[in-house]
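Welcome! Please take a look at the sequence and the model below, and then read on for a short tour.

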Amino acid sequence: MFHVLIPAPVLPVVREGLAKACRVSTLDEIEASDARSDVRGIAGGGHLVVDGAFMARFPKLEIVANFGVGYNNVDTEWARQHGIIVTNTPDVLNEEVADTALGLIIATARQLPAAERHLRAGRWNEGAFPLTATLRGRTVGILGLGRIGKAIATRAEAFGMAVVYHGRRPQPGVPYGYFPTVKALAAASDILVVIAPGGPETRHLVDADVLQALGPQGILINVARGTLVDEAALIDALAKGHILSAGLDVFEHEPAVPQALLDMDHVVLLPHVGSASTHTRNAMGQLVVDNILSWAAGRGPLTPVAETPWTQGGANA
Ligand code: NAP
Ligand code: 8YV
């Protein structure tokens, strides 16, 4: 029977879906036995670090099915070199994460959480909540116009906002203006939305210079990974009024959130809930299961990541 390790807690849809056709073990169960040697799959949570040292513990490992579209937590280069397929969960979460991004944009521009705190604290009796920024006439700049970025763009358009973007290259057939650098994108944007992958290549793409270019009426939204934004520079820019506000679903050292951000009333902070509805998390979990079951049945992975492509005839062929 195909043996799958589930190293961290997963949704019932993952555990039960795999258990129907596979032998499933937790890390504790593996440690307590000599079963490590026949583990062929790992089904992982998005925050689980799957590095070379971890994968090397399982000599027969063939597939790592990551719970999450972002897979910066997996050493795909080590996996590729060892013929191991890595899969992720693309597309099934696009709309949910885009909804979260728009929620953050509205909540941040219109200061909805602060307005609610004003009401709950009984301060409405003392006076109206101050007037806020607006989405009217704003331009949204999207850093990473991929699957989720495009879903954010269509929503921004529906709200009457202009859309521009930056990626490593312009995309043919896309109706939005392209900017070749993040700084130029920020200068052209009122609201800068970060939704590119994490990892060393994108570390601190949004730095002090970019925030300065975004300007004193600018709003930064990050629904990607905390590492894309220089958090210290962001705190400094917010404190000095170099930008107006920020809406953040992700942080550099999750779950740690800097006290300086917690102390700011005009930023909106979420605990990495971009995809966190029951509907969407179950769809992601089902895709983890389907990838492993398809692989175990010899039909190949459904959604391998670009770094570990699969062609009929063998892993990484
Ligand atoms: P995707 O379809 O691969 O899109 C990523 C986009 O980023 C592409 O358009 C790509 O364009 C651009 N990009 C890649 N590397 C870049 C670089 N070095 N500089 C500038 N742009 C770059 O990915 P997706 O499915 O939309 O997901 C995007 C990310 O969102 C994930 O990797 C994940 O980290 C994050 N995410 C967060 C949550 C959450 O809960 N907050 C949920 C889901 C996903 P080019 O190739 O043209 O550069
Ligand atoms: C999850 C995500 O929160 O898909 C991603 O890249 O960031 C989120 O959907 C993450 O995978 C943790 O489980």
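Helices (H or I, at least four residues) and strands (E, at least two) are DSSP runs, numbered from the N terminus.

This is a predicted model, in which local features need pLDDT of at least 70 and side-chain atom pairs count only at pLDDT 80 or more, while totals for chains, interfaces and linings use all residues. Residues are numbered from 1 along each chain as its sequence is written, chains are lettered from A and ligands numbered from 1 in the order in which they are written, and side-chain values use heavy atoms, with hydrogens and water left out.

**Around strand β9**

- Strand β9 covers residues 191–194 and is joined to strand β10 (residues 219–222) by 4 bridges, the two running parallel; strands pair if DSSP finds at least two bridges between them.
- Strand β6 (residues 139–143) also pairs with β9 in the parallel sense, over 4 bridges, and Val140 has Ile191 of β9 as its bridge partner.
- In a regular strand the side chains alternate between the two faces of the sheet.
- In β9, Ile191 and Val193 lie on one side and Leu192 and Val194 on the other, and all are buried (under 20% relative accessible area, with exposed meaning over 50% and partly exposed in between, using a 1.4 Å probe and protein chains only).

**Around strand β4**

- From strand β4 (residues 63–66), Ile63 and Ala65 point one way, Val64 and Asn66 point the other way, and all are buried.
- Strand β3 (residues 41–44) runs parallel to β4 and is joined to it by 4 bridges; here Ile42 has Val64 as its partner.
- Strand β5 (residues 85–87) is parallel to β4 too, with 3 bridges between them, and Ala65 is partnered by Thr87 in β5.
- Helix α4 (residues 76–81) carries the chain from β4 to β5 in a right-handed β-α-β crossover.

**Ligand 1**

- There are 28 residues around ligand 1, and Arg147, Ile148, Arg168, Val223 and Asp249 come nearest; a residue is near if one of its heavy atoms lies within 4 Å.
- By class, this shell holds 12 nonpolar, 10 polar and 6 charged residues. Ala, Val, Leu, Ile, Met, Phe, Trp, Tyr, Cys and Pro count as nonpolar, Asp, Glu, Lys and Arg as charged, and the others, Gly among them, as polar.
- A backbone N or O atom of Leu145 is 3.3 Å from an oxygen atom of ligand 1, and a polar side-chain atom of Glu201 is 3.2 Å from a nitrogen atom of ligand 1.
- The protein buries 88% of the 930 Å² that ligand 1 exposes when taken alone, with accessible areas from the Shrake-Rupley method and a 1.4 Å probe.

**Ligand 2**

- Ligand 2 is surrounded by 12 residues, of which Val69, Gly70, Arg225, His272 and Ser275 are the closest.
- The shell of ligand 2 divides into 4 nonpolar, 6 polar and 2 charged residues.
- A side-chain N or O atom of His272 is 2.8 Å from an oxygen atom of ligand 2, and a side-chain N or O atom of His272 is 3.2 Å from an oxygen atom of ligand 1.

Key:
Polar contact = N/O pair within 3.5 Å; in protein donor to acceptor, adjacent residues only side chain to side chain. Right-handed = clockwise from strand over helix to strand, strands pointing away.
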